[in-house]
Amino acid sequence: MPVITAYPEIRVDSTPFVVKSAPDAVDPATDTLTDHELMIAVRDGDLGALGELFERHHGPLYGFLVKLTNQRTAAEDIAQTVFQRMLKYRHTYRDDGSFTAWMYHLGRRCAADHFRKHNAAPAATDPASLQDHADDAPHAGDRAATRDDHALLHSALGRLDRDDREVLLLSRFQELSFAEIAAILECSVGAAKVRAHRALRELRDTYFRLQKEKPSLS
Amino acid sequence: MNCTEAQEKFADLLDGRLPEGGTADVRAHLASCPDCQRQYSSLAQTLAALDALPAAKPGPGLRKNFYAMLEEEKNSAASVAAAAARHRQAHRAVLWRWILAPLGAGALALGGFFAGTRYAPAPAMDAATKQEIASLRQRVDSVGQLVGMSLLQQRSTSERLQTVLATVDQKNPDQRMISNLIGALALDPSTNVRLSALDALYPHADQAFVRSGVLATLPREQNPLVQVAMIDFLVAARDREAVPELEKIVRNETIDRVVRDAARRGLAQL
Ligand SMILES: [Zn+2]
């Protein structure tokens, strides 16, 4: 019978074994990642990646919401809520998702919630509140006329049903395909196109009528 | 193409994203129909005006609020993760204690423990805990097998050592064999066998099950040599969950100075 008097030397350093350690925090320059990749990172726990998405998208989202609601304060509140919900519902973001479509989908929902909560429809147009919009008319002399034109269009937009306004504004974002718009509105592609065009005709009619009614606005 | 048909195509014509292929006949109609021209140009004009609306710029509050909200969420996500980790650790430690505690009472008690009365009524458990206990019970069975083989049958130390060492040569020892090694580490009266068992566990230190087994065994161990070896094992495996136990050892002045020094060194590395 073998008698072992010495226990094997414990070779802490040389014993080969692999301890699965957390991968080194990879932090590639976030500006090389697509929106989709960033949102997947957020979903998987890298919450900081939402900062880059905010920087890329809060401007257009806010612009959309201002046109949709005709209220700057409400648009800021709603935009804030959209990013809040992105965090809260980050686990529902899908591998085959489109970030922009998801963002406008949330934007639309948040706007609806906002108005339900505040028990108010989007404000009827108040052209005066829009006078402080920057405008890019190159000649000072054109500015007043251009501003009036913007105010008229805002006014016409404000008279559309919110659904019409929504689909029309979404259809003017070149980054969204009609397939994405259909997904946002939860309808078919064909229906989205028809609704967008019908909304455009509505807007056109109102816009031209207002132009005739208020020729002396300037 | 008549006017109605033409006007139905206006949407495609106005949408820059659509291919121009199907729009040739509309263009042809437009060229010859002043009425449709008016319709079309008013729509195009409206769209141009819509696109020309200046984009409103948000105030500074939006960005400020966003980053405040993001920070808050980061903190709460981190604290939720930490709480979950603490919970898992406490949970595992409790289960192991529950499994191992009766084992120290001696060979006879062990016999009884494994013969039938081993499973004390457990406290109220959720389904996940029940499942975890069921799987641990299987492991206890294999620990019991080792105990039956070694302690109760009075086999010699060298034979038990051979049994343990035999597992070292196995490329992929199964879960039961690993449980046997943890059982040997926890129960074998021979220092040599316990140290060899620990040595044999090194290749499996990446398994949380193995680390928590070693960690649960550490407070039971009386021999400073084995204690130091266990501490080295946990530190080499980078097991942060060992921190509270190591802190306890550092504070406990009844424990051998060599062991407390090893724990202090280990804490510095974790
Ligand atoms: Zn015609």
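Among contacts in chain A between residues at least 6 apart in sequence, 66% join residues at least 24 apart. Contact here means heavy atoms within 4.5 Å.

Some ground rules. This is a predicted model, where local features need pLDDT of at least 70 and side-chain atom pairs count only at pLDDT 80 or more, while totals for chains, interfaces and linings use all residues. Residues are numbered from 1 along each chain as written, chains are lettered from A and ligands numbered from 1 in the order written, and side-chain values use heavy atoms, without hydrogens and water.

Chain A, then. It has eight helices and zero strands. Helices (H or I, at least four residues) and strands (E, at least two) are DSSP runs, numbered from the N terminus. From that terminus, the order in chain A reads α-α-α-α-α-α-α-α. Of its 218 residues, 42% count as buried. Buried means under 20% relative accessible area, exposed over 50%, and partly exposed in between, with a 1.4 Å probe and protein chains only.

Now one helix pair. Helix 1 (residues 35-43) and helix 4 (residues 99-117) of chain A have axes 8 Å apart, at an angle of about 65 degrees. Axes are lines fitted to C-alpha atoms, for helices over the stretch in contact, and angles run from 0 to 180 degrees between N-to-C directions. Helix 1 and helix 4 of chain A are therefore roughly perpendicular. The cut-offs: under 35 degrees is roughly parallel, over 145 roughly antiparallel, 65 to 115 roughly perpendicular, the rest oblique. Who makes the contact? Helix 1 of chain A brings D35(A), H36(A) and M39(A), and helix 4 of chain A brings F99(A), T100(A) and W102(A).

Next, a backbone point. Most residues other than glycine have a negative phi. N70(A) is not a glycine, yet its phi is positive, about 65 degrees. N70(A) sits in the loop between helix 2 (49-69) and helix 3 (72-88) of chain A. Buried or exposed? N70(A) is buried, at 10% relative accessible area.

R238(B) has a positive phi near 55 degrees. Its place is the loop between helix 12 and helix 13 (243-251) of chain B. R238(B) is exposed, with a relative accessible area of 51%.

Stay in chain B for helix 10 (residues 191-201). Ten of its eleven residues are buried, so helix 10 of chain B is largely enclosed by the rest of the structure. Among them are L195(B), L198(B) and L201(B).

F233(B) is buried, at 0% relative accessible area. Which residues does F233(B) contact, leaving aside neighbours within four places in sequence? They are L198(B), L201(B), Y202(B), A205(B), V210(B) and V214(B). The C-alpha atoms of F233(B) and L198(B) are 7.9 Å apart, and 35 residues separate the two along the chain.

Last, the metal. Which protein donors hold the zinc ion? C3(B), C33(B) and C36(B) give SG, and H29(B) gives NE2, at 2.1 to 2.4 Å. Donors are N, O and S atoms within 2.8 Å of the metal (3.2 Å for Na, K and Ca); water is not among the atoms, so sites may look incomplete. Along the chain, the zinc donors follow C-x25-H-x3-C-x2-C. The site is tetrahedral, with angles of 104 to 116 degrees among the four donor atoms. Four donors count as tetrahedral if all angles lie between 85 and 135 degrees. The ideal for four tetrahedral donors is 109.5 degrees. Both H29(B) and C36(B) are buried.

Note on methods
Tetrahedral: all angles 85-135°; square planar, octahedral: opposite > 155°, others 65-115°.
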